[in-house]
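Biologist: I have a structure open and want to learn how to read it. Where do we begin?

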Amino acid sequence: MAKSRSLGGIVLLALVASGCGLASATPQQQDTRVPADPTRIEFVDPAAVAGLAPRTVSGDDPVTRRVRISYPELDDAAPLNEKLRADARRRLREFRETARGVSRPELNVDWQLAAAGDAIGVRLRAGRSHGTGWDHATTTFWYDTNTRRAMDSTGLLNGSPALHEVAQLVKAGLGDRGPEVDHGQVTPSRDRFDSMAFNAEGDLVVEFDDCELGPCSLGRLAVAVPADQAWPLLSDTGRRAQRAARLAGQQVAEPPAAAPSPAPAAASNRAGTVDCTEAKCIALTFEDGPGPETGRLLDTLREAGARATFFAVGSNAAREPGLLRRMSAEGHLVGNHSYAHRDLARLPSSKIADSLARTEDVVTATIGRRPTLVRAPYGSVSTELRNVAREQGLTLVGADLETFDWRDRDSAEIADRVVERAHRGAIVRLHDTRDTTVTAIPDILERLAGKGYTFVTVPELYGTAGMQAGQLYESGISPVRKQPLT
């Protein structure tokens with residue numbers, strides 16, 4: 001049974017139907033609850049969808065260093081996969097063109113499944129900063145498993161006349177919002193209606209980007225067109241998508257397996273087997289996953305008898321629980337890399353705390369142990385992050401051996417850099433989302449083992465001294481950096 005998650009809006013707008021039932025031409029509606037927010041979309045749990053793997057596109061130069069674009073890849077859905085890949089490439093190209101000369105530009109794209117079944121809906125939520133604030137844009141692509149066609153959201157509608165009718169219904173749904181909302185911007189175009197999906201009742205939810213219909217301070221604007229008014233305007237694909245969304249909404253979410261309360265701190269199940277005061281220890285750390293390459297990496301580490309520390313992105317961890325359980329079972333340590341890979345140093349304390357707590361919840365529910373190590377995305381640490389970490393009992397981990405594998409796409413070059421710069425007590429930063437990095441690992445392990453290195457998790461570098469919450473650790477041999485805590 002698929003699980004679901006919900007999304008509520010900041011500004012919530014809904015059309016109110018004049019009748020209670022659906023028109024006779026529509027499928028019989030179930031006697032279900034009326035949602036408090038009709039623009040809420042019930043998202044399908046991707047972990048329950050067979051043959052789905054998260055993919056990540058990131059930048060490889062200083063301009064696009066803070067770019068993370070995530071999207072799903074599904075078995076037997078090649079047209080949808082290609083459409084999502086093309087969209088990711090377009091976003092990266094356009095960001096590179098517009099972000100030059102901007103201080104610390106950032107692009108973050110994450111995804112949810114608006115439906116899965118006869119029709120698959122992939123909702124992309126893009127956040128972008130060019131140095132002055134943060135805005136969001138939403139796009140939803142659809143795939144019809146019957147016709148094997150991938151399409152934009154307007155493919156849910158039965159042609160141009162239907163799009164014009166939906167535009168009029170949306171304008172009516174916006175109501176008298178005063179001068180803040182520009183009704184004239186609601187034009188019947190593919191770009192304006194690029195994010196449409198269905199709520200659990202089958203209402204057509206139309207979402208607009210931040211700043212698209214009015215001031216950015218309005219936040220999310222969405223309108224729900226009642227199912228009976230939407231039905232005559234839907235294409236065959238749109239009707240299949242509506243049914244899929246209703247089926248998902250009728251399923252009861254399964255709660256995650258309860259972890260011990262309070263959950264014990266995460267630790268390698270082989271911790272204590274190596275004394276790093278005697279052995280020549282080094283800690284390989286991987287971040288940004290889990291992803292499609294992580295399984296291959298785990299195979300390599302197991303064959304070599306090596307352990308590592310994985311800093312998981314919460315949204316990826318929720319989609320790949322099996323890989324997290326395997327990490328824990330095979331002696332690795334799972335840490336926290338935020339929920340959506342935003343630059344935490346640019347966020348207020350409340351959002352930092354939420355991002356870390358959400359990831360902690362996912363990991364704890366999956367492996368039964370609470371992650372206590374945090375690596376900040378992009379290595380960007382602020383005073384606010386240190387203070388939140390201290391309050392939540394978390395330790396910050398950096399690295400003193402930077403591989404730059406995000407920039408270099410040559411496996412041999414990555415391996416050479418690690419081996420040449422390795423030293424006792426080093427913390428090595430790598431990414432398990434990069435195929436070139438994972439390809440380099442067998443060579444790294446073999447050559448470092450030949451030099452007498454033992455591969456351990458980060459806390460083992462510090463032995464009985466342990467690691468303190470709120471502190472930043474970058475090397476197993478250098479003194480702990482003391483930062484003022486406020």
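Biologist: What should I know about the model before I start?

Modeller: It is a predicted model: local features need pLDDT of at least 70, side-chain atom pairs count only at pLDDT 80 or more, and totals for chains, interfaces and linings use all residues. Numbering starts from 1 along each chain as its sequence is written, and side-chain values use heavy atoms, with hydrogens and water left out.

Biologist: How many helices and strands are in the protein?

Modeller: Helices (H or I, at least four residues) and strands (E, at least two) are DSSP runs, numbered from the N terminus. Here there are 11 helices and 21 strands.

Biologist: What share of the residues is buried?

Modeller: Buried means under 20% relative accessible area, exposed over 50%, and partly exposed in between, with a 1.4 Å probe and protein chains only. Of the 486 residues in the protein, 54% are buried.

Biologist: And how do I read contacts?

Modeller: Contact means heavy atoms within 4.5 Å. Take contacts between residues at least 6 apart in sequence: 72% of them join residues at least 24 apart.

Biologist: Where does H11 have a kink?

Modeller: A bend at a residue is the angle between axes fitted to the seven residues ending there and the seven starting there. In H11 the kink is at Ile 441, about 30 degrees, shortly before the proline Pro 442. Just after the helix, Gly 452 has a positive phi of about 95 degrees.

Biologist: Which residues of H11 are buried?

Modeller: An α-helix has 3.6 residues a turn, so residues three or four places apart point the same way. The buried ones in H11 are Thr 436, Thr 437, Val 438, Ala 440, Ile 441, Ile 444, Leu 445 and Leu 448. They pack against strands S13 (280-287), S19 (427-431) and S20 (453-455), and against helices H5 (294-304) and H10 (411-421).

Biologist: Can we look at that packing from the other side?

Modeller: Ala 415 counts as buried because its relative accessible area is 1%. Setting aside neighbours within four places in sequence, Ala 415 contacts Ala 440, Asp 443, Ile 444 and Arg 447. Ala 415 and Arg 447 are 32 residues apart along the chain, yet their C-alpha atoms are separated by 9.0 Å.

Biologist: Which residues does a cis peptide bond join?

Modeller: Gly 289 and Pro 290, with omega about 0 degrees. Pro 290 is in the loop between S13 and H5.

Biologist: Now the spaces. How many cavities are there?

Modeller: On a 1 Å grid over the protein atoms alone, a cavity is a set of points where a 1.4 Å probe fits but cannot get out; a pocket is an open set with protein on both sides within 12 Å along at least five of seven lines; lining residues have an atom within 4 Å of a point. Points are joined across faces, edges and corners, and a volume is the space filled by probe spheres set on them. The search finds three cavities of 30 Å³ or more. The largest cavity holds about 110 Å³. Its lining has 13 residues, and the closest to its centre are Ser 58, Arg 65, Asp 288, His 341 and Tyr 378.

Biologist: And a pocket?

Modeller: The second largest pocket has a volume of about 700 Å³. Among its 27 lining residues, Asp 87, Arg 90, Arg 91, Glu 94 and Thr 139 are the closest to its centre. H1 gives the most to this lining, with eight residues.
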